[in-house]
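Visitor: I would like to learn how to read helix packing and sheet order in a model. Please take one feature at a time.

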Amino acid sequence: NNFLQKTKKNTVKVARLSGGPSLERGISLNSARSVMDHLGSLDIEIVPIYFNKKKKAYRVSTSQLYSNTPSDFDFKLEKTGKELTKTNLIKVLKEVNIVFSCIHGTFGEDGEIQQFLEKNKIPFVGSGSRACKMAFDKFKANEYIRSLGFYAPNSVVFKITDSKQYILKTINKFWKDEKLARAIVKPASGGSSIGVFSVESIDDAVESVNLLFSKRMDTRVVVEPFISGKEFTVIILQNKFGSPVAVLPSEIEVEYEKNQFFDFRKKYLPTRHVTYHCPPRFSNEIIEKIQTQAEQLFGIFGMKDFARFDGFLLPDGNIWFSDFNPVSG
């Protein structure tokens with residue numbers, strides 16, 4: 001934290017990373033702009049670095065950062081950005097005080113960019129590669145926290161190499177064993193509810209799995225019961241003593257009729273179908289339980305600085321943390 005103690009005479013330089021190969025690139029640009037809006041000051045110099053879909057790094061200007069959509073941004077990139085070789089990228093990042101990554105999904109939250117920074121001894125904000133890798137895969141994360149005594153519903157995962165016959169047979173058995181009326185089909189990795197389907201039949205579940213594989217949205221797909229509990233999200237911050245502190249959770253009120261759920265549009269675009277309640281309309285006992293378990297999981301994963309966990313309060317009082325975000329959108 002020495003860089004925070006610099007005097008006003010010395011500008012702190014922060015490399016802000018955005019873009020990347022995932023479908024969450026648009027959210028990454030928005031996050032990077034938000035960091036620019038809130039972090040930029042006379043004492044802080046932002047050095048924007050953008051990664052395109054092929055993970056090639058570009059040094060861009062702060063004004064370039066505010067270009068419109070990812071397609072528009074990429075279209076202008078060759079003329080307005082300076083492509084960096086791996087050697088030059090390392091050189092630029094070693095010249096700043098610290099790196100702040102705003103890359104979501106693959107490359108940004110699966111531990112890859114963190115491992116690159118660690119290997120080159122470049123200090124950065126946020127969790128390390130090991131914690132990111134553990135938290136990124138939804139199926140493995142759920143299996144892990146269940147083994148430690150935390151609640152998580154049963155689910156099944158499929159690989160892109162699985163036969164259609166195996167997928168049909170497994171979903172059919174899972175549907176009947178779990179007595180499902182509705183299920184969620186989603187990529188095992190990624191976020192922002194991209195590629196998530198709400199289905200009400202075995203046939204629709206099978207079709208959704210095959211569709212995700214055909215579009216190469218992931219190499220692994222999860223099928224899990226639809227949870228009709230109350231959704232929440234909670235931010236965890238690490239204090240100066242290294243201890244995680246969960247702030248007050250926010251309840252997410254969503255209309256679940258007609259196969260609706262908290263999808264990409266409801267998360268990021270203006271809508272009347274979502275209402276946020278903070279404080280949540282939960283009892284103090286439930287709020288404290290969410291905060292305590294969030295802090296425990298932050299420590300269990302070995303996370304650092306900050307994280308955002310999403311979850312459900314179930315009708316039976318169980319709490320399920322369904323998604324762990326090392327880099328919150």
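Guide: This is a predicted model. Start with packing: the buried residues of helix H3 pack against strands S1 (12–19), S2 (44–51), S3 (57–59), S4 (82–84) and S5 (98–101), and against helix H4 (112–119).

Visitor: Which are the buried residues of helix H3?

Guide: In general, an α-helix has 3.6 residues a turn, so residues three or four places apart point the same way. In H3, which spans residues 86–95, the buried residues are Leu 89, Ile 90, Val 92 and Leu 93. Around the axis they cover an arc of only 160 degrees, which puts them on the same side of H3.

Visitor: Now the sheet with S7 in it. What is the order of its 4 strands?

Guide: The general idea is that strands of a sheet pair through backbone hydrogen bonds, either parallel or antiparallel. Here the sheet is open, its order is S7-S10-S8-S9, and the pairing is antiparallel. Strand S7 (156–159) and strand S9 (197–199) are the edge strands, each pairing on one side only. From one strand to the next, the twist averages 20 degrees.

Visitor: Over how many bridges do S8 and S10 pair?

Guide: Strand S8 (residues 183–187) and strand S10 (residues 220–225) are joined over 5 bridges in the antiparallel sense. Ala 183 stands opposite Pro 225 of S10.

Visitor: Which strands does helix H6 touch?

Guide: Helix H6 (residues 138–147) packs on the sheet and touches S7, S8 and S10, with its direction at about 50 degrees to that of S10. Helix H7 (residues 164–177) lies across S7, S8, S9 and S10, and runs at about 175 degrees to S7.

Conventions: Residues are numbered from 1 along each chain as its sequence is written. This is a predicted model: local features need pLDDT of at least 70, side-chain atom pairs count only at pLDDT 80 or more; totals for chains, interfaces and linings use all residues. Side-chain values use heavy atoms; hydrogens and water are left out. Buried means under 20% relative accessible area, exposed over 50%, partly exposed in between (1.4 Å probe, protein chains only). Helices (H or I, at least four residues) and strands (E, at least two) are DSSP runs, numbered from the N terminus. The arc is that of the directions from the helix axis to the C-beta atoms. Contact means heavy atoms within 4.5 Å. Two strands pair if DSSP finds at least two bridges between them. Axes are lines fitted to C-alpha atoms, for helices over the stretch in contact, and angles run from 0 to 180 degrees between N-to-C directions.
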